[in-house]
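Hi,

Here's the structure I promised to pass on. Have a look at it first, and then read my notes below.

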Amino acid sequence: MSIITAAQWVPRGFAAPFPQKYTLDEAEYERIAELAKLQLDDAEEDLKEAQEKEGDDDHMADKAHAKGGKKSSKSETNYNDDEDLKEYDLDNYDDDEDDKVTEDVQGLSMFGNMKSLAYYEDNKDDPYITLQDGDDEEAEDVQILATDNLILSAKVEDEMAHLEVYVYEDASDNLYVHHDIMLPAIPLAVEWIDMPVSNNGSSAAGADARGNSVAVATMDPDIEIWDLDTIDCMYPNAILGPGAANADPSVVKPKKKKSKASKANDSYHVDAVLALAANRKHRNLLASASADKTVKLWDLHTAKCAASYAHHTDKVCSLAWHAAEPTVLLTGSYDRTVVAADMRAPDAKAPRWGVESDVESVRWNPHDANYFFVATEGGAVHYYDARAAPATPADSKSVWTLQAHDESVSAFDVNPIIPGFIATGSTDRTVKLWNVKDGAGPSMVVSRNLDVGKVFAATFAPDAEVSFRLAVAGSGGSMHVWDTSTNPSVRKAFAERVPEQKGDVEDRLVGVDDDESSSSEEEEEGGVGAEGEEDDEDEDEDEDDDEDMEEA
């Protein structure tokens with residue numbers, strides 16, 4: 001099973017041109033040794049208990065023989081035979097004495113002068129190594145250009161969870177995995193953060209510092225924050241939640257048995273974290289929504305929870321900060337309501353809208369801050385005016401409602417550059433592009449099945465140069481970048497925003513190369529084959545796995 005549960009773009013220019021590789025220093029070696037010692041101590045305790053138990057059993061057996069007056073004759077016979085054969089040394093009967101002496105001498109000569117061997121920490125200092133150009137070639141392999149975009153992909157593959165960091169080169173139609181990060185549990189949401197974060201408070205010293213980090217929400221109550229400019233990280237830079245005590249690599253604590261589910265509190269989440277939203281105006285604020293029915297506001301300068309909110313009566317699954325009023329947060333829940341609350345007034349009554357089914361995602365309109373979108377499990381997309389708050393959720397009236405899919409709208413995004421351009425993805429395996437006209441509502445531009453399985457992620461690129469690029473992923477485990485401007489219907493709908501292209505142009509679809517795909521298949525797709533693509537029969541066989549992931 002291979003599933004991509006969430007994806008997000010990173011704007012150009014934030015990634016380090018040459019990401020650094022994580023290296024093990026002496027402190028890390030000591031930490032690993034300490035962890036190994038803890039495991040060894042546990043094993044020794046288990047062995048000691050087993051030996052004590054075995055000794056007790058032997059003691060009981062001796063007592064039983066003493067009562068019988070005599071041990072079995074069979075054991076005495078075996079003992080006498082062993083003593084008689086020992087003098088012949090039959091185990092080494094076939095060994096040549098000369099060979100044995102030679103092996104002993106070789107062993108001494110091989111390891112006897114180990115201390116005299118020279119060791120160089122850097123290959124450049126070793127006179128016997130003459131090829132010194134490897135570092136430059138390796139640096140070129142990991143280089144990220146200023147014109148490249150990163151795409152963050154939360155993936156589960158063969159019961160292993162990890163975050164894949166893709167590099168998208170638009171000019172050369174190239175998409176590849178740059179590096180990945182192992183995760184402790186199934187990832188549910190990712191959020192890019194433009195500042196460094198640390199549990200030791202070092203980020204507070206550089207409040208205006210620019211960084212390239214990612215917050216990852218999983219089935220665990222902890223939120224892990226990783227540095228995207230470091231390859232082969234061993235542990236996150238910071239943890240928001242109950243696991244923060246273990247975020248410091250210098251502290252080694254033995255694992256404790258999991259306790260029963262705790263009650264919701266004001267300090268951290270106690271259940272799976274379903275959504276994240278970074279505040280782009282107040283860069284140190286990160287909002288999180290959880291299955292524990294609460295929304296937490298985190299201060300990234302201190303890596304502590306600043307406030308907790310309980311506006312909903314069921315799992316909270318989606319968040320969106322207001323673009324013009326950066327203290328207003330839009331939240332959607334499985335209680336079938338949407339709340340727009342000012343985080344500065346936690347006790348104030350917040351306006352609430354009701355929908356016909358569970359909320360899947362919420363988005364503010366980036367081109368008109370008075371309106372917001374709500375996508376639901378019933379396949380509908382609602383468009384509301386935030387200024388016309390209803391007296392009760394049952395009285396909610398949308399500006400327009402679109403039945404976009406017959407199944408759940410599991411992916412939704414609004415183009416941040418092109419007004420009126422929205423995309424929906426569904427568990428019916430289709431991606432649809434819509435043109436929202438003022439006063440006339442939305443009209444469908446194109447519908448496509450991109451062979452990614454059930455669509456769990458569909459997100460537009462954040463930069464103007466690649467504003468028509470849409471990253472799409474789902475239950476098939478593959479990532480595609482669709483250049484929607486190459487589609488005739490999109491060019492017709494947004495003609496004034498798309499550069500003119502001569503001749504017939506096929507849809508431009510870029511994915512990760514698959515060695516097993518044939519060239520004929522690639523030509524039929526009109527793009528580069530993507531890793532993890534499955535035919536219809538395979539997708540049908542994985543139907544149960546997809547449904548389990550959707551429920552999670």
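Before the notes, one term: a residue is called buried under 20% relative accessible area, exposed over 50%, and partly exposed in between (1.4 Å probe, protein chains only). Keep in mind that this is a predicted model, where local features need pLDDT of at least 70, side-chain atom pairs count only at pLDDT 80 or more, and totals for chains, interfaces and linings use all residues. Residues are numbered from 1 along each chain as its sequence is written, and side-chain values use heavy atoms, with hydrogens and water left out.

Seven of its seven residues are buried, so S6 is largely enclosed by the rest of the structure. S6 pairs with strand S7 (residues 213–218) in the antiparallel sense, over six bridges; pairing takes at least two bridges found by DSSP. One place to look is Ile193, whose bridge partner in S7 is Ser213.

Glu191 meets Arg280 at 3.4 Å, N to O. That pair links distant parts of the chain, 89 residues apart: Glu191 sits in S6, and Arg280 in the loop between strand S11 (273–278) and strand S12 (285–290). Glu191 is buried at 10% relative accessibility, while Arg280 is partly exposed at 40%.

How many salt bridges does a search of the whole structure find? It finds 10. Another of them joins Asp358 and Arg336, with the closest N and O atoms 3.4 Å apart. Here the two residues are 22 apart in the chain, with Asp358 in the loop between strands S18 (352–354) and S19 (359–364), and Arg336 in the loop between S16 (328–333) and S17 (337–342). Asp358 counts as buried at 18%, and Arg336 as partly exposed at 40%.

Then there's Lys155, which meets Glu157 in a salt bridge (4.0 Å, N to O). Lys155 is buried, with a relative accessible area of 2%, whereas Glu157 is partly exposed at 29%. Both belong to a network of salt bridges that also includes Glu164.

Technical notes. Helix = DSSP H or I, 4+ residues; strand = E, 2+ residues; numbered from the N terminus. Salt bridge = Lys/Arg side-chain N within 4 Å of Asp/Glu carboxyl O.
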